[in-house]
Amino acid sequence: MENCTLLHSGNQFQPKFPFFALKPKKFPFFVVGCSRVLGEDIVRLSVAHGSSREQMWRIKATGKSSGEAANADDESDDALQATIEKSKKVLAMQKDLLQQIAERRKVVSSIKSSLEDAKGTYDNGNGSLSNVDVRGMDKDYNSTLPSTATPPIVDDLKNTLAAEAKICETAQSDERATPLSRSSVTPSHQTSSTVSSAKRTLYVPPETPKFSQETGKFFQSDVPSLFKESSAQSYMEQKSEIFEGSSAKKANIETEDPENVDEKPPPLAGTNVMNVILVAAECAPWSKTGGLGDVAGALPKALARRGHRVMVVAPRYGNYAEPQDSGVRKIYKVDGQDVEVTYFQAFIDGVDFVFIDSHMFRHMENNIYGGNRVDILKRMVLFCKAAIEVPWHVPCGGVCYGDGNLVFIANDWHAALLPVYLKAYYRDNGMMKYTRSLLVIHNIAHQGRGPLDDFSYVDLPPHYMDIFRLYDPVGGEHFNIFAAGLKTADRVVTVSHGYSWELKTSEGGWGLHDIINENDWKFRGIVNGIDTKEWNPELDVHLKSDGYVNYSLDTLKTGKPQCKSALQKELGLPVRDDVPLIGFIGRLDPQKGVDLIAEAVPWMMGQDVQLVMLGTGRPDLEQMLRQFECQYNDKIRGWVGFSVKTAHRITAGADILLMPSRFEPCGLNQLYAMKYGTIPVVHAVGGLRDTVQPFDPFNESGLGWTFSRAEANQLIHALGNCLLTYREYKQSWEGLQRRGMTQDLSWDNAAHNYEEVLVAAKYQW
Ligand SMILES: Nc1ncnc2c1ncn2[C@@H]1O[C@H](COP(=O)(O)OP(=O)(O)O[C@H]2O[C@H](CO)[C@@H](O)[C@H](O)[C@H]2O)[C@@H](O)[C@H]1O
């Protein structure tokens, strides 16, 4: 029965038969679980499919005929017939499902009308929420829910109380962690709201302001500013528009009948829609030091396009323009001190962005990983404690996410404490039972290592120490946050297939390979995508001035040379169309193989080429860039700094992009380069090997040049061939450019793959 319960856990709009969209072979556990709901049909259905297909293949492969084949044909006919019968049943169920969706949409319409009725109460004549009878609103909304929906909020509250009672019991014990925030002992916003287009349960009341004796302040302002400005109703409208398309369509929802529901496509995720919260230490465009920021800014939008309700949680390092103060304030303990945080929020491109403001993050936008080891660790402790409670405290558009149907996507070691806190503070205490966590490895080289004493900062029960303890020949016995996260997360993803293989080796796993191998069953590689709005030569906002132009496949031959001459001019290099312009963009770090470029520079300077390098990082490598520029002033530019605009312009204006990385989990610059008709020359490692197929001059295929060992002579060899093709084989060059530009590099594929992992996590028990 546990599996059956899981299907309905806290998800008011969870359809009855979510297995339609699942591939039984990929989710054997789940299929077995469902069979208890529906009898053995589903299992047999998948078996029938499998066996008939297998037989067909066998007959094809052996070429056997007569009796054997006839028998096989008979069996296969029977199986086929059974399959058709079952398919009919499945179709009937699907129809039923669509009807349910239509009913739910009606529910949303009525919720909207309720909101309209309640508007006067919201505004209260003076725009204040303070006198709103929020309990009454809850009641109203619940009364509109059909009986088939999952337990109403009242039941949720009962559950909460039960869970709280349990916490009180367990709080006595040293072995279990107590809840994180001071005021979170009673998570007053505990409501599950799920997801997608017309599917959410309203409402969650703003918390009654509480007075702190210690600080002399109210924890939560009585009027959350987002409410004042947009109100829950307009938020709903905004959401509906995002998910449903035009407002004309929206009007149609309210009058539709179940018959014409087929005309509107359901969310791409179908019945797998979930609440997803991505947690990352940086998020573009607000904060970015590298690829992690790009991923945190783009993957959530792709997940939202599939119909999921998606939030990003990141620290607020500066005064960002869009996010508004939600009025929610909480206090968390960090190293024994009370630290107050405020949650800011914005709703952009279908995604809720929540930023955690605290004096510990403020004014760090230019140095977000700055400070000593303990400073950084304390910031990440605060970040993870505050992030995990966002679904309780921050009413996005008036509705907290709650814990039902919820998956966290934690990124890199900075957020790796989140899966640990989820277990220690909640699941060990019988709370957030259905919430899952996914940990994404963007770069295993940074692990949150320290001496064992660092355990005292993470504020966990003593028996948790063991999951942090790691021994390796380099660090000896030490404290390792990534290790603990990998062990406790429900699923682990890394950003390419190549890197997922490398991580399991002693060379690529950086001491964590044993843990990764032990957890192989929950581990998967998914290649990153790119934000095709942000990184698109046709739309790029950085190519609209200073002589740069937007270009497409059709205008490649004129647009790209124009960008090249604009770049040469901007950098003060000789403006020449015939000279190959080579670019490098990246963190100045041994990972990126900058030293290999340095070794190859004397050879390069013997060629007729220009080289521009953009980066920040290790001071000695920064100095090296400056020195190259001085030494070869007519050919090299070394731009030390972080400039998004310059990165875009180099990507557009250069002919060739060098990426000699010693290791590269995925790499985004080579993807951006290919989209802009710039040819990558890369060390075939990690994601670079996955994404840059080597040029084959005989078949005119491939996307760039690769070399197999991180050595300067190999780089020179590959770059030499690349330059030869640039100069002598113009048609081949254009073919390379066009193949690169026409690839589908969007996040949509990756988002689909992430969804599979989220579903697997959700149904893991
Ligand atoms: N000086 C500068 N000025 C402006 N922009 C700059 C810059 N230096 C770097 N960038 C930008 O930062 C991003 C770098 O992304 P990468 O994926 O190449 O590397 P990174 O190692 O940071 O990311 C890690 O995470 C990502 C995401 O998963 C993985 O692709 C990667 O392999 C892994 O190492 C690009 O958008 C690039 O343009």
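Close-up 1. The model is predicted; local features need pLDDT of at least 70 and side-chain atom pairs pLDDT 80 or more, while totals for chains, interfaces and linings use all residues. Residues are numbered from 1 along each chain as its sequence is written, and side-chain values use heavy atoms, with hydrogens and water left out. Helices (H or I, at least four residues) and strands (E, at least two) are DSSP runs, numbered from the N terminus. β9 and β10 form a hairpin, with 3 residues between them. Strand β10 covers residues 476–480 and pairs with β9 in the antiparallel sense over 4 bridges. Strands count as paired if DSSP finds at least two bridges between them. Tyr 471 stands opposite Glu 477 of β10.

**Close-up 2. An open sheet of 3 strands runs in the order β8-β10-β9.** Its pairing is antiparallel. β8 (449–450) and β9 (469–472) are the edge strands; each has a single partner, so one side of each lacks a neighbour in the sheet. Helix α15 (residues 481–488) packs on the sheet and touches β9 and β10. Its direction makes about 65° with that of β10. Such angles run from 0 to 180 degrees between N-to-C directions, with axes fitted to C-alpha atoms, for helices over the stretch in contact. In a regular strand, side chains alternate between the two faces of the sheet. On β9, Leu 470 and Asp 472 form the covered face, Arg 469 and Tyr 471 the uncovered one.

**Close-up 3. Leu 486 sits in helix α15.** Leu 486 is buried, at 2% relative accessible area. Buried means under 20%, exposed over 50%, and partly exposed in between (1.4 Å probe, protein chains only). Beyond its neighbours within four places in sequence, Leu 486 contacts residues including Leu 439, Ile 441, Leu 512, Ile 515 and Ile 516. Contact means heavy atoms within 4.5 Å. Pro 419 is 67 residues from Leu 486 in sequence, yet the C-alpha atoms are 8.5 Å apart.

**Close-up 4. The largest nonpolar core holds 115 residues.** Such a core is a set of buried Ala, Val, Leu, Ile, Met, Phe, Trp, Tyr and Cys residues joined through side-chain atoms within 4.5 Å. Val 313, Tyr 343, Ile 441, Val 458, Leu 460, Phe 468 and Tyr 754 touch the most other members. Helix α10 (residues 373–388) gives the most to this core, with 11 residues. Not counting residues up to four places away in sequence, Val 458 touches Leu 377, Val 381, Leu 417, Tyr 421, Phe 468 and Phe 479. A second, separate core of 35 residues includes Leu 625, Trp 705, Trp 733 and Leu 736.

**Close-up 5. Helices α24 (residues 712–728) and α25 (residues 730–742) cross at roughly 110°.** Their axes come within 6 Å. α24 and α25 are therefore roughly perpendicular, a term for angles of 65 to 115 degrees. Cys 722, Thr 725, Tyr 726, Arg 727 and Glu 728 of α24 meet Lys 730, Ser 732 and Trp 733 of α25.

Close-up 6. Most residues other than glycine have a negative phi. Met 432 is buried, at 2% relative accessible area. Asp 546 is exposed, at 54%.

Definitions and conventions: Parallel < 35°, antiparallel > 145°, perpendicular 65-115°, else oblique.
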